[in-house]
Amino acid sequence: MDHYDNISGLLIRYFRQELTATEAAELEAWLNDNEKNRQFFADLNEEPALMADIQRYGEEKQVDLPEAWEKMKAMGWQRPVTTPARIVQMRWRYVAAAVAVLLIVFITIFYLQRGHKPAAIPVVVKAVQQDVKPTTRHAYLTLDNGQTISLDTLSVGLLATEGTTQVQRQANGALSYAAGKNGNAQKLLYNKVTVPKGSDVVYLQLADGSKVWLNAESSIRYPVAFIEGDRKVEITGEVYFEVKTAPSNSPGGGGQSRSFIVSKGNMNVVVLGTRFNVNTYDNEENIKVTLLEGSVRVQQDKTERTIKPGQQAVVSEKNINVVDDVDVQQVMAWKEGKFVFNNTNIQVIMRQMERWYDLQKTEYGSEAVKQLAFNGAISRYNNASKVLELLQEAGALHYTIKDKRVILSQ
């Protein structure tokens, strides 16, 4: 039992990037002991949500592993496992972060006692000397009266009442809006969600049932209830939408289906019901609208294009170009908690990292470094060093992290 407690502790500290050099050597020795251990370690790396919970758990707390195991036994988990470890992980994915720590103790013990298939790739563990952790949660909500509320401080339940609309925090962390019976009689009120650099993805459900996810360094301004003809929201940064069709008999419908309009400056995306991603970061060359399902119309001044699923509208100051067969997995990687690179330029990669880790602008040692491109995929819940190591191993690139500044050279 003590042996498994010790391995669980090393794994937890590894995923929280807290290993000392001695502990790193101990964990590496355990990994090199047999292929079953290496495969287990690789499988844990494929569960980014669980890893995120472990990384965020108790920034200033110590984990008492024997006590954690006793709590697990008290909950009835001392019985033999009859389902695969991965199923157990998925079932517990959305529980509290403290339970995620208990979970890794539990699955370590039972997984390693059961046996597993061989690992294909050996793993090397390194102690982290200077690094940047991902995703602090400091997004905030601004109410119509200007009051600002940190989303970190919100508990489940009723948060505020805007007109006749109730603003609630759901058990899954989402903000949701529910219009009252006389919702179309109230005046137009606006709320705004702002997700700064270095903050985790925020999930929002609007009053019409449409769902919204915001990436780091993004914002959305929206009516708390859609009481006019069109449903219009304004965004910055990168936002993914699952728009619900509003029937003609909905408030403000006027006898016909109501368009949903996403606006950034003089660019509009007009839809009825669909799933799409909009990237409007100011430091990217163009606005990009990627369609996953349905149909959207992209407008820029007097130019207009309609795109189909799998297409991307690239909006410049003068034109809207449509790109076919877009790598949707790469576009949507941020929502799934991953970085995915497909011949991606290093400057694009570093801009993503700057937003996610709240880094300063990257310094490049030469123009040649700026032209490098990479393929690969990795969880965004790893520390910055692990992402940079992936790039370093893939090509002629060396990195240095100084505080929150990354320096790249060849």
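Start by selecting strand 12 (residues 260-264) together with strand 13; the two pair in the antiparallel sense over five bridges. Keep in mind that this is a predicted model.

**The hairpin**

Zoom in on where strand 12 gives way to strand 13. Two residues sit between the strands of this hairpin, and Gly265 takes a positive phi near 65°. Now pick Lys264. Its opposite number in strand 13 is Met267.

**Strand 13**

Next, select residues 267-271, which make up strand 13. Is this strand mostly covered or mostly open? Mostly covered: five of its five residues are buried. Show the side chains. Met267, Val269 and Val271 point one way, while Asn268 and Val270 point the other way. In a regular strand, side chains alternate between the two faces of the sheet.

**Across to strand 16**

Which residue of strand 16 is the bridge partner of Val270? Click on Arg297.

Stay on Arg297 and show its side chain. The Arg297 side chain meets that of Glu304 in a salt bridge, 3.5 Å from N to O. Arg297 counts as partly exposed, at 30% relative accessibility. Glu304 is partly exposed too, with a relative accessible area of 45%.

**A link between strands 14 and 15**

Select Arg275 and Glu293. Their side chains form a salt bridge, with 3.6 Å from N to O. Arg275 belongs to strand 14 (residues 274-279) and Glu293 to strand 15 (residues 287-293), so this pair ties together parts that are 18 residues apart in sequence. Check the surface here. Arg275 has a relative accessible area of 26%, which makes it partly exposed. Glu293 is also partly exposed, at 43%.

**Helix 10**

Move on to residues 367-370, helix 10. Glu367 and Lys370 both lie in this helix, three residues apart, or about one turn. Their side chains meet in a salt bridge, 3.4 Å from N to O. Lys370 counts as partly exposed, at 23%.

**Last stop: a network**

Finally, select Glu284, Arg351 and Arg355. Salt bridges that share partners join these residues into one network. To widen the view, display every salt bridge in the model: the whole structure holds 11.

Terms used: Residues are numbered from 1 along each chain as its sequence is written. This is a predicted model: local features need pLDDT of at least 70, side-chain atom pairs count only at pLDDT 80 or more; totals for chains, interfaces and linings use all residues. Side-chain values use heavy atoms; hydrogens and water are left out. Buried means under 20% relative accessible area, exposed over 50%, partly exposed in between (1.4 Å probe, protein chains only). Helices (H or I, at least four residues) and strands (E, at least two) are DSSP runs, numbered from the N terminus. Two strands pair if DSSP finds at least two bridges between them. A salt bridge is a side-chain nitrogen of Lys or Arg within 4 Å of a carboxyl oxygen of Asp or Glu.
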